[in-house]
Amino acid sequence: MPLRLFFIALQFLTRLPVPRWVGFEPAWLARCAPYFVPVGALVGILCGAMLWAAAQLWPPVIAVLLAMAAGVYVTGGFHEDGLADTCDGLGGAVNREKALLIMKDSRLGSYGALGLVLVLALKAAALWTLAQANPWVAALALAWAQGVSRALPVALMATLPYAGDLEHAKAKPLASGTGAGGLALTAAFALALCAAVAALRPALLPAMAAGLAASAAVCLWMGRWLRRRLGGYTGDTLGATQQFGEVALLLGLLAWH
């Protein structure tokens, strides 16, 4: 069953193919949230491999942009879309009902465009700085940040109620959140990923601790902000949390590296 839940999470978060025997049941989607971390790590490994390989042929800035493009292709811009919708909905001084209505609109507004550009630019700048010094370290950091950042939405699912329209939720089972067991498994996956990266590059451990502290602060801030503005989380705000968390992980790591 764990392997099936991993593939369900892979199918939900990416465009990568899964075996036909996996099948699908709505209840499995509700149980696959802890596997967001290993799926994120897989996406990060693919992007990191692209970054390292491209750095052998082109300048670091090209390698970083190709790696980020690979990530968007593999995931279909899933989390980036949530980020843009969240910025559009919560960027202005509107009430809860209006914010939720704006987030359902597929059109991109000024707040969404600004948020998307700034977050992607910060991510690219952090990876470019790391890649200039050592492309291997940048590739490791990308795999680590992609994986660990996907633990943050699960933390919000475990601590906040669903704030959207349950009847029209794109993934109703995820709207039911996750329990303490799911959160504990998520944390275990995240810690295992941190241990693997530290084993490959022990010198990164203090910098990784700084990144984890920064991402924890982002998660706490998002939880308070969403509780105040919406009364809970939506699918879009989970995507935004992952994006903000990824940037926080990279900037925290870079500050101490």
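Guide: Let's start with the second largest pocket, whose volume is about 230 Å³, a volume being the space filled by probe spheres set on grid points joined across faces, edges and corners. This is a predicted model, where local features need pLDDT of at least 70 and side-chain atom pairs count only at pLDDT 80 or more, while totals for chains, interfaces and linings use all residues. Residues are numbered from 1 along each chain as its sequence is written, and side-chain values use heavy atoms, leaving out hydrogens and water.

Visitor: What makes a residue part of the lining of the second largest pocket?

Guide: A lining residue has an atom within 4 Å of a point on a 1 Å grid over the protein atoms alone; a pocket is an open set of points with protein on both sides within 12 Å along at least five of seven lines, whereas in a cavity a 1.4 Å probe fits but cannot get out. Here 14 residues line the pocket, with Val148, Ala151, Leu152, Ala187 and Ala190 nearest its centre. Helix H11 gives the largest share, 6 residues.

Visitor: How do the residues of that lining divide into nonpolar, polar and charged?

Guide: There are 12 nonpolar, 2 polar and no charged residues. Ala, Val, Leu, Ile, Met, Phe, Trp, Tyr, Cys and Pro count as nonpolar, Asp, Glu, Lys and Arg as charged, and the others, Gly among them, as polar.

Visitor: Why are H12 and H13 called roughly antiparallel?

Guide: Helix H12 (residues 205-229) and helix H13 (residues 235-256) pack at about 150 degrees, with axes 7 Å apart. Angles over 145 count as roughly antiparallel, under 35 as roughly parallel, 65 to 115 as roughly perpendicular and the rest as oblique, so H12 and H13 are roughly antiparallel.

Visitor: And why are H5 and H7 called oblique?

Guide: Helix H5 (residues 78-91) and helix H7 (residues 110-133) pack at about 130 degrees. H5 and H7 are therefore oblique to each other. Their contact includes Glu80 of H5 and Lys123 of H7, contact meaning heavy atoms within 4.5 Å.

Visitor: How many cavities of 30 Å³ or more does a search of the whole structure find?

Guide: The search finds 1, and about 140 Å³ of space lies in the largest cavity. Of its 16 lining residues, the closest to the centre are Met68, Gly71, Glu80, Lys123 and Gln146. By class, that lining has 6 nonpolar, 6 polar and 4 charged residues.

Technical notes: Axes are lines fitted to C-alpha atoms, for helices over the stretch in contact, and angles run from 0 to 180 degrees between N-to-C directions. Helices (H or I, at least four residues) and strands (E, at least two) are DSSP runs, numbered from the N terminus.
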